[in-house]
Amino acid sequence: MASALRVLGIDPGLTRCGVGVVDVRRDRSASLVHVGVVRSAPDLPIEQRLAVIAAGIRSVLAEHGPDVVAVERVFAQHNRSTVMGTAQASGIALMLAGEHGLPAATHTPSEVKAAITGYGSADKLQVQTMVARVLRLDALPQPADAADALALALCHAWRRGPAPAGAAAGALTPAQRAWAQAEQATRR
């Protein structure tokens with residue numbers, strides 16, 4: 001399928017890491033290639049949990065050969081341990097993209113929801129329903145982590161990643177501007 005972009009979407013998590021691969025054609029039509037969840041047991045030491053997540057993502061990369069990796073970017077959560085696990089799994093996903101020489105992008109949950117449903121505050125069921133519709137699936141993708149990974153992949157393909165560095169600031173969403181400013185501040 002040479003005319004399609006193959007995107008691996010990753011919804012990072014330490015217990016459940018959603019992975020979804022889609023082929024998206026220039027006309028924005030899409031087809032499902034793979035969907036799943038990489039699970040790590042909460043009673044394992046952190047290094048073993050991260051190794052399990054890495055092995056699962058490596059397997060998907062090797063089997064499906066995506067052109068690009070899209071990872072959910074988390075701004076904040078109330079539960080500190082949850083955000084730490086999400087950040088660690090996100091780092092693993094981005095590192096593996098780099099190891100495989102693949103471009104990687106991150107998208108906020110609200111960006112993904114807006115791209116998939118047209119509404120940045122859509123709920124999980126609305127996202128699952130639209131993903132199923134776009135991919136012509138007979139049932140909603142389950143669990144929600146898997147649906148979120150597919151939504152990330154679709155969002156990235158439809159947006160073709162973040163705006164180029166020289167793009168006008170007005171072309172970015174408020175969340176993208178805030179993220180770009182935070183990234184610039186870390187480089188100083």
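1. Start with a pair of histidines: the side chains of His107 and His156 are joined by a polar contact of 2.9 Å. A polar contact here is a pair of N or O atoms within 3.5 Å; within protein, one must be able to donate a hydrogen and the other to accept it, and residues adjacent in sequence count only if both atoms are side-chain atoms.

2. Before going on, a word on the model: it is predicted, so local features need pLDDT of at least 70 and side-chain atom pairs count only at pLDDT 80 or more, while totals for chains, interfaces and linings use all residues. Residues are numbered from 1 along each chain as its sequence is written, and side-chain values use heavy atoms, with hydrogens and water left out.

3. Is His107 buried or exposed? His107 is buried, because its relative accessible area is 1% (buried means under 20%, exposed over 50%, partly exposed in between, with a 1.4 Å probe and protein chains only). You'll find His107 in strand E5.

4. Now the sheet: it is open, has 5 strands in the order E3-E2-E1-E4-E5, and its pairing is mixed. Strands E3 (30-39) and E5 (104-107) are the edges, each pairing on one side only. Strands are DSSP runs (E, at least two residues), as are helices (H or I, at least four), numbered from the N terminus; two strands pair if DSSP finds at least two bridges between them.

5. Look inside the sheet, too. E1 (residues 4-11) pairs with E4 (residues 68-72) in the parallel sense over 4 bridges, and Val7 stands opposite Val68 in E4.
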